[in-house]
Amino acid sequence: MANIFDFTGRVAVITGCSTGLGVQMAKALANQGAKIVAIARRKEMIDAVAKEIADTYKVETLSIQCDITDTERVNAAVDEIMAKFGRIDILI
């Protein structure tokens with residue numbers, strides 16, 4: 001039987017990923033092999049989260065500073081994700 005929680009190679013984009021539930025969801029997905037894109041407004045916080053996840057779970061990460069209420073910035077973030085990973089599989 002296949003492991004339905006194996007996210008190896010999948011790209012997970014988590015908004016609000018500087019504290020709280022966003023960080024916990026990112027860690028849970030990374031623990032199952034997902035590549036993590038951490039998005040939040042506070043760059044220094046998401047950089048720290050992305051580094052911790054990469055070091056702990058040995059998955060690729062990308063941190064992007066973005067206020068998701070800014071459509072232009074969201075579009076730029078999507079372009080950056082696509083340039084690095086070529087896909088988005090999970091969006092939180």
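Tutor: Residues are numbered from 1 along each chain as its sequence is written, and side-chain values use heavy atoms, with hydrogens and water left out. As the model is predicted, local features need pLDDT of at least 70 and side-chain atom pairs count only at pLDDT 80 or more, while totals for chains, interfaces and linings use all residues.

Student: What makes strand β3 largely enclosed by the rest of the structure?

Tutor: Buried means under 20% relative accessible area, exposed over 50%, and partly exposed in between, with a 1.4 Å probe and protein chains only. Four of the five residues of β3 (residues 61–65) are buried, so β3 is largely enclosed. Strands here are DSSP runs of E with at least two residues, and helices are runs of H or I with at least four, numbered from the N terminus.

Student: How do you know that β2 and β3 pair?

Tutor: Two strands pair if DSSP finds at least two bridges between them. β2 (residues 35–40) and β3 have five, in the parallel sense, so they meet that definition. Ile 39 of this pairing stands opposite Ile 64 in β3. Two bridges also join β1 to β4 (residues 90–91), running parallel, and there Ala 12 has Ile 90 as its bridge partner.

Student: Why is the unit of β2, α2 and β3 called right-handed?

Tutor: With the strands pointing away from the viewer, the path from the first strand over the helix to the second must run clockwise. The unit made by β2, helix α2 (residues 43–57) and β3 is right-handed, so its path is clockwise in that view.

Student: Why is the 16-residue set called a nonpolar core?

Tutor: Such a core is a set of buried Ala, Val, Leu, Ile, Met, Phe, Trp, Tyr and Cys residues joined through side-chain atoms within 4.5 Å. The largest one has 16 residues, and those with the most contacts inside it include Ala 12, Leu 29 and Ile 53. Helix α1 gives the most to this core, with four residues.
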